[in-house]
Amino acid sequence: MYRIRPAAERGHADHGWLRTWHSFSFADYHDPAHMGFRSLRVINEDRIAGGGGFPFHPHRDMEIVTYMLAGGLQHRDDLGNGSVVRRGEIQRMSAGRGIVHGEFNPSPDEESHLLQIWIRPDRRGIAPSWEEKAFPDDEKRGRWRPLVAPDGREGALVVQQDALLFASLLERGEELVHDLDAGRGAWLQVASGRVETEAGALGPGDGLAVEGETGFRVSAREDAELLLFDLA
């Protein structure tokens, strides 16, 4: 089964300093038909104006991953962590039994463009933690590069769930296959570019849910940046 989630049908809010699109229900956007996919709860595409940001706020029992597309995002939390994550760098925060953090665009004029991802953990009440790592574009070209995995494979950030997150940069005409083990599902998110799949063509912001299949194939109709979730 293949099911396309068109970008144009996502939830959307414009707060001036923040323009955001929600693949799944989030904040004031609620759609019972789109509450998440397996353990994947949130994919928000955020564009934050220069100097804008989220003031300190709490989270609990959620794995939160930030994937930068352009610009930077400054992170600070009550564990004492602080850094600016930029394109090519991935941030993972396990909220666990409770963490308070804030995120701001450190540039006065450059927009921050990112995907914020929430994954439900496999257990509640763990110690909160934070991690950041660089994954250069060259490591993603023409392959599925693991970014997040419960076993930390190939240096991936460790997440508290049986969930794998891969990224790929494809040039026009390149093709990739992803095999799925029995009982697992996949979500493909197009960050940029256009691709062809068994379900049809996908463009920027589109998502594709895959269940009950042994895998799928994706071909780049133009240069593309993709995220792939392989989920129990």
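Q: At 3% relative accessibility, does Phe37 count as buried or exposed?
A: In this predicted model, local features need pLDDT of at least 70 and side-chain atom pairs pLDDT 80 or more, while totals for chains, interfaces and linings use all residues. Residues are numbered from 1 along each chain as its sequence is written, and side-chain values use heavy atoms, without hydrogens and water. Phe37 has a relative accessibility of 3% (buried is under 20%, exposed over 50%, partly exposed in between; 1.4 Å probe, protein chains only). Phe37 therefore counts as buried.

Q: What class does Trp187 fall into, buried or exposed?
A: The relative accessibility of Trp187 is 2%. Trp187 is therefore classed as buried.

Q: How many aromatic pairs does the whole structure hold?
A: Rings of Phe, Tyr and Trp (its six-membered ring) pair if their centres lie within 6.5 Å. A search of the whole structure gives a total of 4.

Q: Why is the pair of Phe37 and Trp187 described as it is, and what is the term?
A: The ring centres of Phe37 and Trp187 are 5.6 Å apart, with the planes at 50 degrees. Planes under 30 degrees apart are stacked, over 60 edge-to-face, and the rest tilted. The pair of Phe37 and Trp187 is therefore tilted.

Q: Which residue forms one aromatic cluster with Phe37 and Trp187?
A: Phe37 and Trp187 both belong to one aromatic cluster.
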